[in-house]
Amino acid sequence: MKTKLSVVALTALLSVSVQAQTEIQWWHSMGGALGEWVNDQAKDFNNSQKDYKVVPVFKGSYDESMTAAIAAFRAGNAPHILQVFEVGTATMMASKNAIVPVGEVMKKAGVTFDPGAYVPAVAGYYTAPNGQMLSFPFNSSTTVFHYNKDAFKAAGIDPNTPPKTWPEVALAAAKLKASGHKCPFTTSWVSWTQLESFSAWHNTEFATKGNGMRGIDARLTFNSPLHVRHIENLANMAKSGLFVYKGRGNAADATFVSGECAMTTGSSALYGNIKRNAKFESGISTLPYYPDVPGSPQNTVIGGASLWVMAGKKDNEYKGVAQFFAHLSKPEEAAKSHQRTGYLPLTKASYQMTEKSGFYKQNPGTDVSVEQMIRKTTDKSRGIRLGNFVQIRTINDEELEQVWAGKKSAKEALDAAVKRGNEQLERFQKANKG
Amino acid sequence: MEKRVRFHSRWLPWLLIAPQMAIVLVFFFWPAGQALLQSVQRQDAFGSSTEWVGLENFADLFGDESYLASFKTTALFSVLVATIGLSVSLLLAVMADRVLRGAGFYKTLLIWPYAVAPAVAGVLWIFMFASPMGIVAWALQEIGMQWNHLLNANHAMALIVIAAVWKQISYNFLFFLAGLQSIPRSLIEAAAIDGAGPARRFWTIVFPLLSPTTFFLLVINIVYAFFDTFAIVDATTHGGPGKDTAILVYKVYYDGFKALDLGSSAAQSVVLMTIVIALTVVQFRFVEKKVQY
């Protein structure tokens, strides 16, 4: 009896001393197939070493998890890593006491880190003007053009030559409508696709100061003649039933995957969903442009999110974070993620690896997003980084809805959106001076 | 001889109501105080810098014309929800009162919607109205009406009013039914003998005797329309198209949780609180005079 007790006590002691793994809390907003991808990444890292354990927690949509993290931070309970969407970048950058720049985390932990290894159009967005990388570019998508090849065939359009310019899109939409299609063209993330990425794609400014990359005193400029012309074209398409508005955010994505709408401009990351759920043959092409605008097509802007490191944690926990980021940046890991999800490849090495493996040949259209981004950017197309961007997007949603409903002209709506948006920028500037 | 509970102990009554008081303090007074505090501050999202700005948040609000427009939207919305909600549930209660067979069945069905969470109610109705596959949207198209709540302001308002009223009907129905059943049958029979028709009997006897219930439900419905309907708007129209269904409480949520501007959101909460307090005072002062107990 006594020996049995001592054996039990000994094993209990031993099991307690083995629990030395440092836990790293990772709050994210990836649901569905993307959620499985996140969990797999954490599992791979956890299996590759014994000191740290990354625990991914799904906290709802991007703004829900940001709100949760803010509340947790105020209560002293923030996670280590937080996934924040790209429009929250300016807010996170301005909250200097709440975050630790990724460059600093990697340096302090002594992990080799080469900012030049990352795809420039992506990493540049999350880099401060002084060159320090602030957040880890985890999942970056860009705006692409998805189209239903089966619907094209039924309408008598060649499914392998998708429309490349906006006039061609209108023509294709007319053919689709003539063949009885009820929703030839729609779009998700209206502000992102039709104003923000549209501007960069045509080498035009969306806002002053290099679209806000050079300072927080930027002001909006998307009511230029080119923008007014484009919105007017869309409004005319809406009037003739060629463009059907399907709601804010990504509400329209479901209508494309279900086959209801034949063409849509949206995120490249819709690819994973389409591959899984669409019952038709689908194609990806570049975002349409106006061929008469000089300098177009230039490059598109990113969407998606990045990983921010929250302040107030212990040094050895930051070491774990740094090692996790290094693991994610390995060419094989980054290439696997890119091929699985439709997000852009993280590093140039992972892009080359994917190309060499013939992935792009076997899955045509998956390199469109990369092609649009892996170009030399200009001052006007590097990216858009504005404060109170969430509100500005909502303002754009609201004003453009008035255009689609026929209540306002394109010029009135864009002027109103610029005026209201500038008020938001002024408030942000006031609240974050110095 | 008055029947009253008498406590011999000095501290027992306090102890017994302490749990309730704790809940009221923690869930009502503390957040209200916090809102008042935050409404005179301007903070960044993470709370790492706080600035006292006095009434500037309020000044900004009242200078914003979309905020003033949302007062009108909210007023329209609450009037619609309260009047339609009360009339429909009163009608249903009167009809349910007369039913003898299967009364339990009708009453259960009419009470069920109250158990549905507002967000779920919103999603339910949006499934039915989503063109082109929603049942109601399809039926409307068959009779020639192009339903589009994404772009048509009136359709969007109709959608949220229907969803909000549907949820509240059960609550109103229950109270009206109880009120109807407490009216003495003898009064109604006497009126019938005197030759009054059903409509006359209702409007001159039943309705005035129902006035305490109606008054109570009016207060509750107005508060409901102002506060509890945010989830319905969030699940359906998100305040759109444009700003046509952006009721005041939706803007409070948006500014606080999406725009992360806690000062402005708190200021709006304070304004809303003042409005509802004022409305309730008005109702108690003036409308209650007409209530016959």
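## Close-up views of a predicted two-chain model

**View 1. The meeting of the two domains of chain A.** In this predicted model, 20 residues of domain 1 of chain A are in contact with 21 residues of domain 2 of chain A. On the side of domain 1 that touches domain 2, the elements giving two or more residues are helix H2 (32-48), helix H4 (89-94), strand S5 (136-148) and strand S9 (302-310) of chain A. The largest share of that side comes from H4(A), which contributes four residues. Sorted by class, the residues on this side of domain 1 of chain A comprise 10 nonpolar, nine polar and one charged. The domain assignment gives residues 20-140 together with 303-362 to domain 1 of chain A, while domain 2 of chain A takes in 141-301 together with 376-431. Taken over C-alpha atoms, the centres of these two domains of chain A are separated by 28 Å.

**View 2. Chain A as a whole.** Chain A contains 20 helices and nine strands. Its radius of gyration is 23 Å, close to the 22 Å that the globule rule gives for 434 residues, so chain A is as compact as a globular protein of that length. The C-alpha trace of chain A spans about 90 × 50 × 35 Å along its principal axes.

**View 3. Two backbone details in loops of chain A.** Most residues other than glycine have a negative phi, and most peptide bonds are trans. In the predicted model, however, Ser296(A) and Pro297(A) are joined by a cis peptide bond, with omega at about -5 degrees. Pro297(A) belongs to the loop between strand S8 (282-285) and S9 of chain A. The other detail concerns Asn203(A), a residue other than glycine whose phi is positive, near 50 degrees. Asn203(A) sits in the loop between helix H9 (190-201) and helix H10 (208-211) of chain A.

**View 4. Helices H3 and H10 of chain B.** Two packed helices are described by the angle between their axes and the distance between the axes. Helix H3 (residues 65-98) of chain B packs with helix H10 (residues 211-228) of chain B at an angle of about 140 degrees, and their axes are 9 Å apart. Because angles over 145 degrees would count as roughly antiparallel, this angle makes H3(B) oblique to H10(B). The crossing of H3(B) and H10(B) is right-handed. From H3(B), the residues that take part are Thr74(B), Phe77(B), Ser78(B), Val81(B), Ala82(B), Gly85(B) and Leu86(B), and they meet Thr214(B), Leu217(B), Leu218(B), Asn221(B), Ile222(B), Ala225(B) and Phe226(B) in H10(B). By class, the contact of H3(B) with H10(B) holds nine nonpolar and five polar residues, with no charged residues.

**View 5. Helices H3 and H7 of chain B.** H3(B) also crosses helix H7 (residues 153-181) of chain B, at roughly 45 degrees, and the axes of the two helices come within 6 Å. That angle makes H3(B) oblique to H7(B), and the crossing of H3(B) and H7(B) is right-handed. The residues of the contact of H3(B) with H7(B) are made up of 20 nonpolar, five polar and one charged.

**View 6. The contact of chain B with chain A.** Here, 19 residues of chain B are in contact with 24 residues of chain A. On the side of chain B that touches chain A, the residues divide by class into nine nonpolar, six polar and four charged.

How values were computed. Residues are numbered from 1 along each chain as its sequence is written. Chains are lettered from A and ligands numbered from 1 in the order in which they are written. This is a predicted model: local features need pLDDT of at least 70, side-chain atom pairs count only at pLDDT 80 or more; totals for chains, interfaces and linings use all residues. Axes are lines fitted to C-alpha atoms, for helices over the stretch in contact, and angles run from 0 to 180 degrees between N-to-C directions. Angles under 35 degrees count as roughly parallel, over 145 as roughly antiparallel, 65 to 115 as roughly perpendicular and the rest as oblique. A crossing is left-handed if the near helix is turned anticlockwise from the far one by less than a right angle, and right-handed if clockwise. Two residues are in contact if their C-beta atoms, placed from the backbone, lie within 7 Å. Ala, Val, Leu, Ile, Met, Phe, Trp, Tyr, Cys and Pro count as nonpolar, Asp, Glu, Lys and Arg as charged, and the others, Gly among them, as polar. Domain bounds come from an automatic or database domain assignment. The radius of gyration is taken over C-alpha atoms; the globule rule is 2.2 Å times the number of residues to the power 0.38.
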